[in-house]
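Biologist: Please put the model on screen, and then we can go through it by question and answer.

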Amino acid sequence: MTDHAVVIAGGGPTGLMLAGELALAGVDVAIVERRDSQDLPGSRAGGLQSRTIEVLDQRGIADRFLSDGQAAQVQSFGGTPLDISDFPTRHNHGLGLWQNHIERILAGWVGELDVPIHRGREVTGFAQGDTGVDVKLTYGQSLRTQYLVGCDGGRSLIRKAAGIEFPGWDPSTSSLIAEVEMAEEPELGIRRDALGTHGIGKVEYEIRDGEIVFGDTGPVRVMVTEDHVGSSEPTLQDLSERLVAVYGTDYGLHTATWISRFTDMTRQAASYRKGRVLLAGDAAHVHYPVGGHGLNIGVQDAVNLGWKLAQVVNGTSPESLLDTYHAERHPVAARVLRTTMAQTALMRPDDRIEALRDTVSELLSMDEPRRRFAAMMSGLDIHYDLGERHPLLGRRMPDLDLVTADGPVRVFTLLHDARPVLLNLGEPGGLDITPWADRVQLVEAEIRRRVGDSGVRRRERSRRLVDPARRTCRLGWRRHGRRASRGADDLVRSADCGVAARPARSPAGARAKEWPPRHERHSEGSQRRE
Ligand SMILES: Cc1cc2nc3c(=O)[nH]c(=O)nc-3n(C[C@H](O)[C@H](O)[C@H](O)COP(=O)(O)OP(=O)(O)OC[C@H]3O[C@@H](n4cnc5c(N)ncnc54)[C@H](O)[C@@H]3O)c2cc1C
């Protein structure tokens with residue numbers, strides 16, 4: 001088989017995203033994937049968080065997901081819905097879209113970038129040396145590569161073979177999850193009782209007028225909490241018995257296309273890198289699916305690692321750049337592990353926990369806690385610790401509308417090629433980048449308006465968004481009628497999701513304002529529709 005600069009073990013969401021990032025940077029990359037096709041048994045993850053939609057938008061592919069999914073206020077903490085419709089992002093919502101569709105779309109993009117995927121083959125082992133890694137595959141095949149990245153899921157062979165520890169917590173609860181046919185119409189929705197939290201829905205659903213409307217026909221998706229942590233391969237009989245225990249009937253359950261089990265096992269790789277071997281996605285962290293983080297932080301791991309690995313492979317940066325991948329992404333997953341454990345505890349069927357859940361819900365109904373937790377759960381507050389030198393250091397880049405000599409452009413459009421961009425919002429011609437001109441695109445620009453402003457009078461279809469708990473909010477595009485000038489305080493405001501380390505001063509020295517300004521905040525009933 002042909003050798004490649006980078007070999008990725010596993011073509012799930014993380015591996016696909018990483019392959020796309022590396023291919024954009026001109027790196028010779030290939031995926032080795034155990035599955036014969038991208039088809040996924042079962043639907044698994046239910047969608048994308050706001051920050052992941054932003055990341056996909058930065059590569060010009062967000063519309064592919066948005067057009068197939070359903071925009072919704074999906075974030076919650078411990079069952080309390082968290083609305084992000086007032087957050088400074090174009091994507092102030094999540095997206096309901098099953099993982100099989102997310103993978104299909106990502107695989108289509110990677111195919112356009114001509115990344116070879118060796119399907120129906122497994123990585124069975126590897127040996128790394130000073131100059132590269134010999135990767136062993138099934139059928140006696142092998143590959144030589146400079147770097148091997150394990151995106152091979154929670155049971156990662158790459159992690160184990162590299163001898164990377166995976167410390168954490170054993171499971172305390174487990175649930176059966178399945179896609180099945182039922183002869184009778186089941187009780188649809190979430191049920192919380194003395195036996196745990198359970199849910200039944202249809203795989204096909206629509207969000208209409210603020211409500212999740214399940215399809216009349218099609219497979220039923222079932223999730224039931226087990227009475228003890230299960231470990232054997234789950235069967236239709238196990239599912240039937242548990243349904244009877246919880247609902248008093250199995251609704252004429254028959255024909256499962258997928259039966260699986262998930263637990264709240266919570267573990268994280270002690271190191272995301274060992275020499276020429278790196279880990280990303282579930283291979284690096286596993287946790288209970290509450291909050292819907294796993295796929296999202298895997299895709300974001302891939303984007304953080306992609307450009308760094310490309311720089312090292314292309315000889316632009318030293319290998320030590322790869323250590324910043326662990327330094328930046330390990331704390332992100334560690335926090336997700338902590339919040340999922342907290343939420344698992346809040347979900348326990350117990351009157352005292354119920355009282356605690358109500359108390360947390362009351363706290364989260366206040367604006368500041370809501371903003372802080374919503375920013376955390378949507379991924380919009382992710383902030384890498386790069387020191388205190390500047391308030392924008394390590395924050396996400398907001399998708400500002402800019403004006404350049406070539407006309408208007410969005411910041412995210414400038415990032416479609418995944419190449420470094422230096423944005424000069426200061427004095428035109430004030431920056432000399434001659435030494436890096438071959439690697440960095442310098443863009444002289446002014447900020448046209450803040451994200452969320454329309455700036456011009458236009459009508460936008462008002463959209464009703466919904467979270468799974470059926471709390472609805474009416475969204476429209478707000479108009480401020482104010483044209484922001486060249487000014488970095490707008491950049492600070494848009495990068496800041498109103499959370500933790502809000503900068504006291506903008507780079508320009510002006511006081512950073514609250515976002516959104518108090519007079520522009522709105523309650524559900526008072527939002528303007530246009
Ligand atoms: C019930 C459930 C609900 C979930 N809901 C959400 C949600 O709403 N939101 C969310 O963000 N996440 C959710 N998740 C988590 C999400 O599914 C995972 O985090 C995500 O799939 C991780 O992607 P990955 O690419 O890192 O790993 P995986 O998706 O596990 O992909 C790993 C790939 O590697 C391949 N592979 C494995 N070993 C080898 C090998 N040795 N050689 C070659 N190939 C190999 C596998 O075939 C697979 O394709 C949920 C998970 C479950 C179980």
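Predicted model: local features only at pLDDT ≥ 70, side-chain atom pairs only at ≥ 80, totals over all residues.

Biologist: Which helix gives the most to the shell around the ligand?
Modeller: The ligand is surrounded by 33 residues, the closest being Gly10, Gly12, Gly153, Gly281 and Gly294. By class, the shell divides into eleven nonpolar, 15 polar and seven charged residues. Helix 1 (13-24), strand 2 (29-33) and helix 7 (294-313) each supply at least two residues. The one that gives the most, with four residues, is helix 7.

Biologist: Why is one side of strand 3 and of strand 4 left without a neighbour in the sheet?
Modeller: The sheet is open and antiparallel, with three strands in the order 3-7-4. Strand 3 (47-48) and strand 4 (70-72) stand at the edges, so each has a single partner strand.

Biologist: What is the bridge partner of alanine 71 in strand 7?
Modeller: Strand 4 and strand 7 (residues 94-96) run antiparallel and are joined by three bridges. Alanine 71 is paired in strand 7 with leucine 95.

Biologist: How many residues are in the largest nonpolar core?
Modeller: The members that touch the most others are Val6, Ile8, Leu18, Ala19, Leu22, Leu278 and Ala280. Helix 7 gives the most to this core, with ten residues. Apart from it lies another core of 14 residues, including Val180 and Val222. For the largest core, the number of residues is 71.

Biologist: Which residues does leucine 278 touch, not counting those up to four places away in sequence?
Modeller: Leu278 is among the members of the largest core that touch the most others. With the residues up to four places away left out, leucine 278 touches Tyr147, Val149, Tyr272, Arg273, Leu305, Leu322 and Tyr325.

Biologist: Is tyrosine 139 buried or exposed?
Modeller: Tyrosine 139 lies in the loop between strand 10 (133-137) and strand 11 (142-150). Its phi is positive, near 60°, in a residue other than glycine. Tyrosine 139 has 8 other C-beta atoms within 10 Å, so it is exposed.

Biologist: Is tyrosine 251 buried or exposed?
Modeller: Tyrosine 251 sits in the loop between helix 6 (236-247) and strand 19 (253-263). Although not a glycine, tyrosine 251 has a positive phi of about 55°. With 21 other C-beta atoms within 10 Å, tyrosine 251 is buried.

Note on methods: Residues numbered from 1 in each chain as written. Near = placed C-beta within 6 Å. Nonpolar A, V, L, I, M, F, W, Y, C, P; charged D, E, K, R; others polar. Pairing = 2+ DSSP bridges. Core = buried A, V, L, I, M, F, W, Y, C linked by C-beta atoms within 7 Å. Buried ≥ 20, exposed ≤ 12 C-beta atoms within 10 Å, placed from the backbone. Contact = placed C-beta atoms within 7 Å.
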